[in-house]
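This report walks through one protein model, from its inner spaces to its aromatic rings and its backbone. Please keep the sequence and the structure in view while reading.

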Amino acid sequence: MNLIMLAPPGAGKGTHCTWLTEETGVAHISSGDLLRAEIGTGSALSRRLAEYTGRGDLVPDDLVFALLIPVVVAAARGTGGYLLDGFPRTVSQACRLAEIGIERDLVTDAVVYLRAPDAVLVERLLDRADREGRADDMPDVIRHRLAVFSADTAPVVGYYRDRGVLIEIDADRPVGVIRTDLRQRLADRGVLAPSAA
Ligand code: AMP
């Protein structure tokens, strides 16, 4: 199973990737987690990355590709698929992923788009800030990240819709309801085994 989770910050990408990876065994690859791990090393590169993530801006494509692509290829080889969380975030990243998918026989099966109103997302992110203290969950940065999603990532939704692989999910519902709906929609497309649905 090769799956992409596409969603604005706060929509629940991490939550749904966790059960999906438990049920399918494919690697959950979060670009944000990979970036935070690299930033934690204190390397020269980490300081450059932190400037972007701290502001809520997207990290330039070349840096994201260098970090992510080897992980995606290795994980897909090791676990029989990928579950991408937070990547791609721009149409150019989506195009690059499509090229790699064709070159390496790792074509994306489906793209899940979790959508929720901005007011709900802001409330969830502020709540997460209280619990986890993430540096980019500050009110100003949250607003900026949502604006970046509208400007740069919303076109990626259209890109996948046009290619007929988009599964659109209303994420403003209880987690269990979303999970049942998503499992069924993936099974309907033959991405998850019907027995798991
Ligand atoms: P996330 O944990 O997915 O919310 O990502 C946290 C931050 O990491 C984002 O606000 C961006 O600064 C950066 N980031 C994560 N994924 C990407 C990506 N695919 N392209 C560019 N920047 C990214």
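Which element gives the most to the lining of the largest cavity? The element is β1, with 3 residues.

## About the model

This is a predicted model, in which local features need pLDDT of at least 70 and side-chain atom pairs count only at pLDDT 80 or more, while totals for chains, interfaces and linings use all residues. Residues are numbered from 1 along each chain as its sequence is written, and side-chain values use heavy atoms, with hydrogens and water left out. Helices (H or I, at least four residues) and strands (E, at least two) are DSSP runs, numbered from the N terminus.

## The cavity

The structure holds 1 cavity of 30 Å³ or more, and the volume of the largest cavity is about 50 Å³. On a 1 Å grid over the protein atoms alone, a cavity is a set of points where a 1.4 Å probe fits but cannot get out, whereas a pocket is an open set with protein on both sides within 12 Å along at least five of seven lines; lining residues have an atom within 4 Å of a point. Grid points are joined across faces, edges and corners, and a volume is the space filled by probe spheres set on the points.

Among the residues that line the largest cavity are I4, M5, L6, K13, F87, P88 and F149, and both β1 and α7 supply at least two residues of this lining. By type, the lining divides into 7 nonpolar, 2 polar and 2 charged residues, where Ala, Val, Leu, Ile, Met, Phe, Trp, Tyr, Cys and Pro count as nonpolar, Asp, Glu, Lys and Arg as charged, and the others, Gly among them, as polar.

## Two pockets

The largest pocket has a volume of about 1,100 Å³, and of the 47 residues that line it, K13, R36, R128, R134 and R145 lie nearest its centre. Several elements each supply at least two residues of this lining, including α1 (13–24), β2 (27–30), α6 (118–132) and α8 (175–188), but α2 gives the most, with 6 residues. The lining of the largest pocket divides into 18 nonpolar, 15 polar and 14 charged residues.

The second largest pocket holds about 180 Å³ of space and is lined by 13 residues, of which A98, V107, T108, Y159 and Y160 lie nearest its centre. The largest share of this lining, 5 residues, comes from α5, and the residues divide into 10 nonpolar, 2 polar and 1 charged.

## The nonpolar core

A nonpolar core is a set of buried Ala, Val, Leu, Ile, Met, Phe, Trp, Tyr and Cys residues joined through side-chain atoms within 4.5 Å. Buried means under 20% relative accessible area, exposed over 50%, and partly exposed in between (1.4 Å probe, protein chains only). The largest such core has 32 residues, and those with the most contacts inside it are I29, Y82, L84, F87, V111 and Y160. The largest share of this core, 9 residues, comes from α4.

## Aromatic rings and charges

How many aromatic pairs does a search of the whole structure find? The search finds 2 aromatic pairs, where rings of Phe, Tyr and Trp (its six-membered ring) pair if their centres lie within 6.5 Å, and planes under 30 degrees apart count as stacked, over 60 as edge-to-face and the rest as tilted. The rings of F65 and F87 have centres 6.2 Å apart and planes at 85°, so this pair is edge-to-face. The pair links distant parts of the chain, since F65 belongs to helix α4 (residues 61–79) and F87 to the loop between β3 (82–85) and α5 (91–103), 22 residues apart. Both F65 and F87 are buried.

The rings of Y159 and Y160 have centres 5.0 Å apart and planes at 85°, so that pair is also edge-to-face. Y159 is buried, with a relative accessible area of 11%, and Y160 is buried at 5%. A charge sits over a ring if NZ of Lys or CZ of Arg is within 6 Å of the ring centre and within 35 degrees of the ring normal. R163 lies over the face of Y159, at 3.7 Å from the ring centre, and the charged end of R183 sits over the ring of W19, 5.0 Å from its centre.

## Backbone details

Most residues other than glycine have a negative phi, and most peptide bonds are trans. In this model, a cis peptide bond joins F87 and P88, with omega about 0°, and P88 is placed in the loop between β3 and α5. D105 has a positive phi of about 60° although it is not a glycine; D105 lies in the loop between α5 and β4 and is exposed, with a relative accessible area of 67%.
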